[in-house]
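Subject: Structure for you to look at

Hello,

Here is the structure we talked about. Please open it alongside the notes below.

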Amino acid sequence: MTEPIRFPTKIAVLLRNDLAGWQRLNVTAFLVSGIASTLPELVGEEYRDADGTGYLPMFGQPVLVFAGDRATLVGAHSRGLARGLRLAIFTSEMFATGNDRDNRAAVQAVGREKLDLVGLALHAPRNVADKVLKGASMHP
């Protein structure tokens, strides 16, 4: 049996635990796009089936999804920024917008300490990610 690969870094998404199912999926998709777009080295090779049909490449390591309450998100946000991490964020106001321009405007209209965070994503060394995500649990 092959030994499992242990990655030195972690790609993690933290979602607020009171989101509806469709919101959890939507927020996760948006957040990981921020990681993929700024860290292209995390994206693996194109996939091919036995017939030679090509498929889009994906992350070369797992994305771990966590959940926590509002305080857990605020704490993770603060700890991540204090450690100099670049975070992808999703705020509750973004559910009412329909495009990237309005999403950016919704975030820009609110100060960092008053953001109504419903999700964030990060890529960091494992030990740093674990410290930032303190208090969060694996998403059920």
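Buried means under 20% relative accessible area, exposed over 50%, and partly exposed in between (1.4 Å probe, protein chains only). Tyrosine 55 is partly exposed, at a relative accessible area of 41%.

The model is predicted: local features need pLDDT of at least 70, side-chain atom pairs count only at pLDDT 80 or more, and totals for chains, interfaces and linings use all residues. Residues are numbered from 1 along each chain as its sequence is written, and side-chain values use heavy atoms, with hydrogens and water left out.

Salt bridges

The structure holds 8 salt bridges (a side-chain nitrogen of Lys or Arg within 4 Å of a carboxyl oxygen of Asp or Glu). One of them joins arginine 70 to aspartate 116, with the closest N and O atoms 2.3 Å apart. Arginine 70 sits in helix H2 (residues 70-82) and aspartate 116 in the loop between H3 and strand S6 (117-125), so the pair ties together parts 46 residues apart in sequence. Helices (H or I, at least four residues) and strands (E, at least two) are DSSP runs, numbered from the N terminus. Arginine 70 is partly exposed, at 43%. Arg16, Asp18, Arg70 and Asp116 are linked in a network of salt bridges.

Arginine 104 also forms a salt bridge, with aspartate 100, at 2.2 Å between the closest N and O atoms. Both lie in helix H3, 4 residues apart, about one turn of the helix. Arginine 104 is partly exposed, at 49% relative accessibility.

Arginine 112 pairs with glutamate 113 in a salt bridge, the closest N and O atoms being 3.9 Å apart. Arginine 112 is exposed, at 55%. Glutamate 113 is exposed too, at 72%.

Best wishes
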